[in-house]
Structure formats: structure tokens, C-alpha cells
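I opened this one to look up how its strands line up and what its helices rest on. My notes are below, in the order I looked.

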Amino acid sequence: MMGSQAVPTLRANGRAFAQISQFHPELTAFRRDLHAHPELGFEEVYTAARVKEALQVCGVDAVHTGIGKTGLVATIKGRGGNSTRMLGLRADMDALPMTELNDFAWKSSKPGLMHGCGHDGHTAMLVGAARYLAETRNFDGTAVLIFQPGEEGYAGARVMIQDGLFERFPVQAVYSMHNWPAMRPGTVGLTSGPMMASADRVTIEISGRGGHGAHPYQTIDPVVVAAHIITAIQSIVSRNVRATESAVISICAMQAGDLGAMSVVPGKATLVGTVRTFNPAVQDLVERRLNELCSAVALGFGATATVHYERIYPATINSAEETRFAGDVAESLVGPDHVVRDLEPSMGSEDFSFMLQVKPGAYMRLGQGAENGVGSCLLHNTRYDFNDDVLPLGAALYAGLVEQSMP
């Protein structure tokens, strides 16, 4: 059962939480099994099989596999009449290409792979909601449970949509959540409008003329050009983007020359980085200014620079009505003092954004960082682990969205 710090006094919708808590140990074992067997995007064969097995044991009406390669969708019909109402709930399933440094019994069994973002917990929470909804069916409509592959850079949400997700399951709205170590267990955060930023990849290829480091006047040094470009593009946010808007430009990698050749000026240099914005107009502005500045700076040194700008994930934009509703459902579980309705948006990104471009909905954060340190390790850290104490609350929140949207 949950520790005393995990959840404040439950309110009107505590029934779902109480029932789900009865199989909390089973959810914990399921989550830890997924943690021990991490898989990358579109390789979630073991994960999908375990999810399918669990859903069938739960008694869902149907499990549809192979949507978006390794994705699954389960459907559960409520006890009502022939309602055509449908609500979507989404959880991501994939892990990260990183080495786990934890030493507990359920640590990753695969070198170089780990669940460093808690997708194992998200999947377990949605399975918990499936069991509760299939047992009670206290709603009028159809719950559509989406188990999505490839969130970590593979745009699995977009692939599921392209594979006919919302044509086959025409939900009226869709919801998702992510654990958040910086928030206490028993708290839920969300905001209307931008929730997370877009994620763009920028590659800048600089061509100069190589030569001997002792005779730089005979070269066009791309390293010097790269240094000036790195400095110049930081002016885009401060001098081209409105102060009331938000943008981040980070050059995170540079490759030029050979570390073993100290006196060779290379002929080329490559910069790689990311751009984060909330507003598509700002995104367009940043892309345009990057092209203009890089070309102009390189030209000033007699070099050339080519910018390759790739839009990976759009911004995650919560719709107003669905955000208000999700906040109300959260309050019915944990009370208004534990729901943050004006949560500060994050410059991180999330491919649930593709689903919110097609359907109204909301993305939430579920607190998991306890005062004793459990669940407080930051995401994408080699010692991260999902806090199993919050499994029943997350599952109850998913279930509450279904029951209260389709009473």
C-alpha cells in the first residue's frame, strides 16, 4: 500500500483508488518486470506481449496489436446503453539507450538500456486503470487505452496516428500523464495552452579550407567560423524573439579535425544542437534567423555554412476545456490544494503533442518525488527509478477521467 507521504486525504472519487490499491502489489511486480526488460522504440516486443497478456487477464473487451508497429490499443465498454462516446488514455512503453547504475533486484537486465524516464510506470498505471474499468464498467461509452511505442525520439504517436489510430478509434478527447520527480507524490500539475515545447534538431555544416596550423593565413579556418557562429546565434533569442515569448537555442556538440593532429587546420566543422519553442511563429523566426546568421558569419570569413533544420516534435498544447476537466478530476481525488492548474511549462518535449494536434485533450504531470528521496532522481538519470507508491493514484486518475467524462 502507499506510504503516508504518498497521497493526501482522498476525496469524492477515492473509491477507484481504494479498489486499485487492493492489487497494488501486482501492479508493482508488473512494473518492475518491465523495468528489468527495457526495449527501445519499435522494439517493444516483450513489453507489448506482457501488456497484452495483462490486459487479457484484466478482462478488457478487445486488444488490437500492431498499431504503429509495436503499439497496442485496448477497448472497454461501459455498462451504459449504446453510447458512441469514446475517451482515449495513452501511456508510452519504450526505454532509453543508457546504462543503469542502480543495484536493486529489478534493475535492467540489458546492458546499455534502461527505463530512465518512467515509461514502465506509465504503462503499469494504464494497465491498473484497465483492470479497474473492466471490473466496474461504471461509465457509459468506450474507454480506449493506447499503449504507445517509440516516444523517445521515434515519434511513435505520429506513427500510430498514420496507422489509422483515430480512424479506428474516434475518441472525442485523449489524455496522458508523466511522472515528475520535482513534485511531491499526491500532487498533479497541468496548465491550459503550452505544456511542453517543440523539439527541433539543427545541424550546421561549415566548409572552409584546411592547412597547416603554423600557417593559418593560408587556410579558411572552420573552427574559428564555428566559434563565431556559436556566439552569434545566441543573439537570436535576446534580439529577435519578443521578450514575452520563449525560445531556447543550444549548440550541444561540435566536430572538427582530429584530436591527434594538433597542427592541422581542418577543412570542415559540424555543429549540432536543439531549438525549443512554444509558438510556431517563433519557431519559423528562429529557423529563418539561423539560416541568415550562419551564412552571413561564414561569408565574412570566406567560408560557407549550410543549416539543416529538422522539426522533430511539435509543442504539446493542452486544450482549455479538457484541461479544466482533467484538473477537476484530479481535485476529486486529491483535493484542490494538491492540484497545480497553472503549472509552469517545460522546455522539454513530448510526442503526445501529435495526438493533441488531432484531438482535444490534456497532458498532466504526476508527482513522485518523496521527502525521503524515493522517486526524486531526475528523469534520464542513470540512477532514476519510477516510484511505485504512485501507481494506484495514477491508475485512479486515468479511471476517473473515463468515469467522469462518460457518466
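I went to the open sheet of 4 strands first, and its order is E10-E12-E8-E13 with antiparallel pairing. My labels are DSSP runs numbered from the N terminus: helices are H or I with at least four residues, strands are E with at least two. Two strands count as paired if DSSP finds at least two bridges between them. The model is predicted, so local features need pLDDT of at least 70 and side-chain atom pairs count only at pLDDT 80 or more, while totals for chains, interfaces and linings use all residues. Residues are numbered from 1 along each chain as its sequence is written, and side-chain values use heavy atoms, with hydrogens and water left out.

Next I checked the pairs. E10 and E12 run antiparallel and are joined by 9 bridges; Ile251 stands opposite Gly273 in E12. E8 (residues 199-207) has 8 bridges to E12 (residues 268-277), again antiparallel, and Glu205 faces Thr270 in E12 as its opposite. On to E13 (residues 304-313): 9 bridges join E8 to this strand, also antiparallel, with Asp200 opposite Arg311.

Contact here means heavy atoms within 4.5 Å. Axes are lines fitted to C-alpha atoms, for helices over the stretch in contact, and angles run from 0 to 180 degrees between N-to-C directions. Helix H9 (residues 280-300) lies across E8, E10, E12 and E13 too, at about 160° to E13.

I stayed with H9 for a while. Its 21 residues should span 30 Å at 1.5 Å a residue, and the end C-alpha atoms are 30 Å apart, which agrees. The expected span is 1.5 Å times one less than the number of residues.

Which residues of H9 are buried? Among them are Val282, Leu285, Val286, Arg289, Leu290 and Leu293. Buried means under 20% relative accessible area, exposed over 50%, partly exposed in between (1.4 Å probe, protein chains only). On the face turned away, I found Pro280, Ala281 and Leu299 exposed. H9 is followed by Gly302, whose phi is positive, near 85°.

Last, I looked at the other sheet. It is open, has 8 strands in the order E1-E2-E4-E3-E5-E16-E6-E15, and its pairing is mixed. Its edge strands are E1 (62-65) and E15 (339-340). Parallel or antiparallel for E3 (residues 86-92) and E4 (residues 142-148)? They pair in the parallel sense over 7 bridges, and Gly88 stands opposite Val144 in E4. Helix H12 (residues 391-405) packs on this sheet, touching E3, E4, E5, E6 and E16.
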